[in-house]
Amino acid sequence: MLGDNNLHDIRACVFDAYGTLFDFNAPLAARRARIGPAADRLSAVWRQKQIDYTWLRSLMGKYADFWQVTGEALDYALAVCEVDDPALRAELMQLYLALDAFPDTRPCLEALKGRRMRTAVLSNGTATMLTAAVNANTLTPLLDRVLSVDACGTFKPHPSVYQLAVDELDAQPAQVCFVSANGWDAAGAAAFGFRAVWINRAGAPAETLPFQPVAEIRGLDELAELLPSQPEE
């Protein structure tokens, strides 16, 4: 655990999507045999470039939606791994629209809704990408909002992205528990004023940034015990 983990007055839980609720490694896992020994490297480079390109586009002031960024990152990763297979590229992109939810995703959301906690997704993904992933895992009844950065035209961790959740949920930043498996995203949310919880699925070291999450957990199954049994009115 990190910080004072004081989450007693939380009124809403907002989740990052990729790596937090949905497994972005699923497309590569589905085509591992076809890709061969380069599969792990391809997955790692694709994900890193996907994140890098969101930051670079934000700094350049040259926004393009996450679907385009994801495709550009995949093209780079395929080039690095010397994989020349247009059909595979198309399949991987299509699989990205139906990512598997992590096993702990549904039980966590069900537990929060059972406590009448408002829930939302706030993601770099486009509305189409997020809706596809939510629908593929039948999570729609468990989410009050699905929010895309397309609404503000920049990517996390810009404060305007986190402001979307405040506006949509009609809550003060300190009343929002923001949950992410990305350490940099948790830091951005903490800097904004959210009570950030970092899901450290990979056992990574903490980010050395001055903005720290209030708690660190290893899976979504640990989240409910940090939150109030009923949100304050």
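A charge is said to sit over a ring if NZ of Lys or CZ of Arg is within 6 Å of the ring centre and within 35 degrees of the ring normal. R47 lies over the face of F24 in this way, 4.3 Å from the ring centre. The charged end of K49 sits over the ring of Y76, at 4.5 Å from its centre.

The model is predicted, so local features need pLDDT of at least 70 and side-chain atom pairs count only at pLDDT 80 or more, while totals for chains, interfaces and linings use all residues. Residues are numbered from 1 along each chain as its sequence is written, and side-chain values use heavy atoms, with hydrogens and water left out.

Next come the ring pairs. Rings of Phe, Tyr and Trp (its six-membered ring) pair if their centres lie within 6.5 Å; planes under 30 degrees apart count as stacked, over 60 as edge-to-face and the rest as tilted. The count by this rule is 11 aromatic pairs. In one of them, W55 and W184 have ring centres 5.2 Å apart and planes at 90 degrees, so the pair is edge-to-face. Because W55 lies in helix α3 (residues 39–60) and W184 in helix α9 (residues 183–192), the pair ties together parts that are 129 residues apart in sequence. Helices (H or I, at least four residues) and strands (E, at least two) are DSSP runs, numbered from the N terminus. W55 is partly exposed, at 30% relative accessible area, whereas W184 is buried at 15%; buried means under 20% relative accessible area, exposed over 50% and partly exposed in between (1.4 Å probe, protein chains only).

The rings of Y162 and F178 have centres 5.6 Å apart and planes at 85 degrees, so this pair is also edge-to-face. Y162 belongs to helix α8 (residues 159–169) and F178 to strand β4 (residues 176–180), 16 residues apart. Both Y162 and F178 are buried. Elsewhere, ring pairs link Y18, W46, Y63, F66, Y96 and F155 into a cluster.

The structure also holds three cavities of 30 Å³ or more. A cavity is a set of points on a 1 Å grid over the protein atoms alone where a 1.4 Å probe fits but cannot get out, and lining residues have an atom within 4 Å of a point. The largest cavity has about 80 Å³ of space, and its lining includes R47, F66 and W184. Helices α3 and α9 are the elements that give two or more residues to this lining. The second largest cavity has about 50 Å³ of space, and α9 gives the most to its lining, with three residues.

Note on methods. On a 1 Å grid over the protein atoms alone, a cavity is a set of points where a 1.4 Å probe fits but cannot get out, and a pocket is an open set with protein on both sides within 12 Å along at least five of seven lines; lining residues have an atom within 4 Å of a point. Grid points are joined across faces, edges and corners, and a volume is the space filled by probe spheres set on the points.
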